[in-house]
Amino acid sequence: MDDLKNIFVTGGAGFIGSAFVRLLLEELPDARVVNFDALTYAGNPDNLKDIHEERHRFVRGDICDKGAVLAALDEGTDVLVNFAAESHVDRSIHSADEFIRTNVLGTQVLLDAARARGVRRFVQVSTDEVMGSLPDRDDAYFTEDSPFEPNSPYSASKAAAEHLCRAAHHTHKLDVVTTRCGNNYGPRQFPEKFLPLMLSNAFADQSIPVYGDGRNVRDWIYVEDHCRAIYDVMTEGRAGHVYNVGARNERRNLEVAESVLDALGKPRTLIKFVKDRPGHDQRYAIDPSKIETELGWRPRETWETGLAKTVRWYRENADWVARTRSGAYRDYYAKQYGTV
Ligand code: NAD
Ligand code: TYD
């Protein structure tokens, strides 16, 4: 797809969406970007405060609100990229309601609105978690053909969203492409997620809660590498196709915790093993061969360079961290971790 002039991004005040909006404004100097976000607890206007381009228009709105979506989505929009979601597994275990509402119903509202407005392409930002958990063996990988086996309310809601996207493509011939990425890390990630939670706790010399035995494996990718993959799928991916995105960077949680503490010069004794997450997926590992061979995508950051950039950003943005960790975050933390 070329000649992209009007792009509608949902969830662009969140962690990955805000990085993607920045990438779009850089890569497409003639394009206008509408950034539609409800500003839930995870959406943060601070994530956009360094964007001064008039080509970027922020609209506060809920993707479940059909009228609001249609009012903001112009006829002639080239692409709709859907990041908006409830994204944290632990919260979905406390309550699935918002996950079903935003991730499932909201996605259907967007698919319908995209058809109503003649949007040329719909990009669904999905997750490797829809494919469930892999055995702890290094010859097992997620491919685009792996079956759907979601294990948490979060991943089940994202799987449902993917089904709706598939149906819109199959039945209504909407041009839909889908990405399934692993665990992102980088600047501006809300500190409920493992990596920024560790960073912000360690800065404050607070203990780092590691679930279970810490042997669970995640496949980590720097957020800008994920955004470039979404960009490549948006511009060159085949309609109706799914692309797995991963940087071939599998690590056990304990190893990740140790790397973070070492990078900060903090003692490993801050690690504290806590009660495991119910239904905790053992291992995620992505085979990214399809996006590599078809679209020529490759990650630019290694774990070492990506982690160094991330640590630097959190160090230099202590005020951002302090603001996100105040208020409702404290209640969440107490509910999730008690007195860790
Ligand atoms: P995030 O929680 O940081 O941001 C989500 C954004 O969506 C927030 O800005 C929030 O305000 C907005 N939002 C939530 N509900 C909304 C609604 N009803 N209407 C409009 N906006 C709403 O999430 P993230 O980590 O940036 O993830 C973005 C997307 O990428 C999600 O769809 C997630 O499933 C997917 N994903 C994330 C990861 C990861 O590691 N973080 C990995 C793979 C896929
Ligand atoms: P998380 O960032 O929540 O991402 P996901 O569950 O979507 O993979 O968690 C990453 C890994 O870290 C996961 O195996 C759960 C684990 N974890 C902890 O050990 N302690 C924590 O406090 C959190 C939030 C996660």
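**Close-up 1. Strand β2 and its bridge partners.** V9 has N35 as its bridge partner in β2. In this predicted model, strand β1 (residues 6-10) and β2 run parallel and are joined by five bridges; two strands count as paired if DSSP finds at least two bridges between them. Strand β3 (residues 56-60) also runs parallel to β2, again with five bridges, and here R57 in β3 is the bridge partner of V34. Strand β2 itself spans residues 32-37, and five of its six residues are buried (under 20% relative accessible area, with exposed meaning over 50% and partly exposed in between; 1.4 Å probe, protein chains only). Helices (H or I, at least four residues) and strands (E, at least two) are DSSP runs, numbered from the N terminus.

**Close-up 2. The β-α-β unit.** Follow β1 into helix α1 (residues 15-27) and on to β2, and you trace a right-handed β-α-β unit. Right-handed here means that, with the strands pointing away from the viewer, the path from the first strand over the helix to the second runs clockwise.

Close-up 3. Which residues of α12 (residues 328-337) are buried? They are Y329, Y332, Y333 and Y337. Seen down the axis of α12, these buried residues fall within an arc of 100°, so they line one face of the helix; the arc is taken over directions from the helix axis to the C-beta atoms. The face turned away from that side carries the exposed residues A328, R330, D331 and K335. Cover for the buried residues includes α3 (89-94), α6 (194-203), β8 (208-211) and α11 (318-324), where contact means heavy atoms within 4.5 Å. Just after α12, G338 takes a positive phi of about 60°.

**Close-up 4. Around ligand 2.** Oxygen atoms of ligand 2 make polar contacts (pairs of N or O atoms within 3.5 Å) at 2.7 Å with the side chain of R218 and at 2.8 Å with a backbone N or O atom of Y211.

**Close-up 5. Around ligand 1.** Ligand 1 is surrounded by 28 residues, the closest being I16, D37, S87, Y154 and K158. A polar side-chain atom of Y154 lies 2.7 Å from a ligand 1 oxygen.

**Notes.** Residues are numbered from 1 along each chain as its sequence is written, while chains are lettered from A and ligands numbered from 1 in the order in which they are written. Local features need pLDDT of at least 70 and side-chain atom pairs pLDDT 80 or more, whereas totals for chains, interfaces and linings use all residues; side-chain values use heavy atoms, leaving out hydrogens and water.

Notes. Polar contact = N/O pair within 3.5 Å; in protein donor to acceptor, adjacent residues only side chain to side chain. Near = heavy atom within 4 Å.
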